[in-house]
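Below are notes for a colleague who is looking at this structure for the first time. They take one chain on its own, then the contact between the two chains.

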Amino acid sequence: MSAFAALSEAGYRAYVRDKTTLFFTFAFPMLFLVVFGLIFSGKDVEQSGQPYINYIAPGVLSWGVANAAVFGVGFVLMQWRRDDLLRLIRMTPTPVSAILASRYVLALAIGVVQSVLFVAVAVLPVFGLSLSGSWPAALPVLVLGITAFLALGVIVGSYARTPEAVAAVANCLMIPMAFLSGSFFPLDAMPSWMQSISWVLPLRYVNEGISTAITGEGSSTDVLVACGGILGFTVVFGAIALKTFRWSDRA
Amino acid sequence: MTPTSRAPDTPAVELDGVRKRYGDTHAVDDVSLTVARGEFFGLLGPNGAGKTTLVEMMEGLREADSGAISVLGHRPWPRDVELLPRLGVQTQASPFFVRLTAREHLRTVAALYAADPAAVERTLSSVGLTEHAEVRVDDLSGGQRQRLAIAAALVHDPELIFLDEPTAALDPQARRALWDVLRGLKSAGRTIVYTTHHLDEAEALCDRVAIMVHGRITALDTPNQLIAAGSTVTRLVVPAARLSLEDARAIDGVQNATTEDDVVVLETLDAGPVLAAVEKLAGLQGVQTRTASLEDVYLELTGTSQS
């Protein structure tokens, strides 16, 4: 078994055995879907004439997947470093890339399961999302989005030294970003300056890409633009992540 | 790698003028020493003496400020993936992959070293954890955690093993069992560098010990040589009922005599004649002789001796 496979397996086992995190990773976005879905049930957004669910479902899904990626790797890196597990790994010939790749594969798997469950609930008549034929275009957006936010999570997990710090920093980044990127509230109903600001946030591009793909509103160019935007953030976050990665808090 | 760097005549560890400071503190101050292949080397010293820093520099976890470090013919810093599989490291932190069982943890570590998966069961049994292999690492007792951490240092069959207070949390039985494991490793030709606070253990196991105080090596020799070179005072303990303090002090060669509870303790540099004199005065029944142990030497060298 390769180091990558062993770390992925260890990560998978640790993940599925942590029932609380497991539950909240999947239940939290669902909770938002239910709350917003019921509040705005059957209503349309005035500015665009689109049903609310077309905004909320892709928005909450993007946020849920991004949030899981940031928190997942952030907590694990902080914990592994604090418990000296990274030092143990450092004393083996395992390359850093195997550690990060194992977390990446896990994050992708979690994101895919999250998305499938989420969409399955969102298309129920109560919420009324109708899936467009262009939905497969959401997959590359999803994969790129997870990559970008995983890199962000590596930065958070390298910077933070305690679980409290991981939660504080990650929430501080993700909650305002969710609102400003239109995850919980349609951007079309927000002031235009706020819509302009949203383009500096990576989550905006994920929202845009997933929303375009699953509602069929907009063109394939929109998905490409979204992918390009996320790719840009991925490169920047990835470079910072590799710079900030530390094996130990002490050395 | 040139074949010559693997020549068995290169020492396991070679330090020359190694220094490391943190701010104004000289954690390690000009340390030079050599550990031969197959040697069981003990590093003793009070907490804060710089033992851990020194060992971490050998392991390649820290960079020395100055001086040369060679481990199995390689420089351990920066991280050298050629060297790492030949080293086994146990730290006091006992790091584990959370929510895995003991066996799963060890299997993961073995895979990280690209070691033979069959070594997992063998290593578990060598540290006596076979029965607890299915227990989650979070639920293991302190001693079991420590044994698992040691197993993780041994699973890839390393040539040079660093152990940081490996017997600290063990009960006497587990400690003796671990002594057997360590002796087995030594007889298999492995080199062991370890730190400990158990001086009896260092005396029983180590070929040589270094005593470290304030970042410097103050003594380095075999336990027997250290004891011989250190305190040469022998103490004779005689039941007080059979020998008075005055008589004891009158014996030729007795430097000092004191009463402790129900015994008289005689200190002498030459135990033979004194013992003969005691035999005449009180007989030898119940008389004990106490020669210096490594602990006496240690306390003397580290400046915490009471006398």
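1. Chain A has ten helices and zero strands; helices are DSSP runs of H or I with at least four residues, strands are runs of E with at least two, and both are numbered from the N terminus. Along the sequence the pattern reads α-α-α-α-α-α-α-α-α-α. This is a predicted model, in which local features need pLDDT of at least 70 and side-chain atom pairs count only at pLDDT 80 or more, while totals for chains, interfaces and linings use all residues. Residues are numbered from 1 along each chain as its sequence is written, and chains are lettered from A and ligands numbered from 1 in the order in which they are written.

2. The C-alpha trace of chain A spans about 60 × 35 × 30 Å along its principal axes. Its radius of gyration, 18 Å, agrees with the value near 18 Å for a compact globule of 251 residues; the radius is taken over C-alpha atoms, and the globule rule is 2.2 Å times the number of residues to the power 0.38.

3. Of the 251 residues in chain A, 48% are buried, meaning that 20 or more other C-beta atoms, placed from the backbone, lie within 10 Å of the residue's own. Contacts are pairs of residues whose C-beta atoms, placed from the backbone, lie within 7 Å. Among contacts in chain A between residues at least 6 apart in sequence, 81% join residues at least 24 apart.

4. An unreviewed UniProt entry annotates residues 20–248 of chain A as "domain: ABC transmembrane type-2"; such annotations may be inferred rather than shown by experiment, and positions follow the numbering used here, with feature names shortened. Over this stretch the chain is 73% helix and 0% strand, with its end C-alpha atoms 28 Å apart.

5. The contact between the chains takes 21 residues from chain A and 22 residues from chain B. On the chain B side, strand 5 (87–90) and helix 2 (102–112) are the elements that give two or more residues. Helix 2 of chain B gives the largest share, four residues.

6. How many residues of helix 2 of chain B are buried? Ten of the eleven are, so this helix is largely enclosed by the rest of the structure. Among them are Glu104(B), His105(B) and Arg107(B). The buried residues of helix 2 of chain B pack against helix 1 (3–16) and helix 4 (85–90) of chain A, and also against helix 3 (119–126) and helix 4 (142–154) of chain B. After helix 2 of chain B comes Ala114(B), with a positive phi near 55 degrees.

Definitions and conventions: Contact = placed C-beta atoms within 7 Å. Buried ≥ 20, exposed ≤ 12 C-beta atoms within 10 Å, placed from the backbone.
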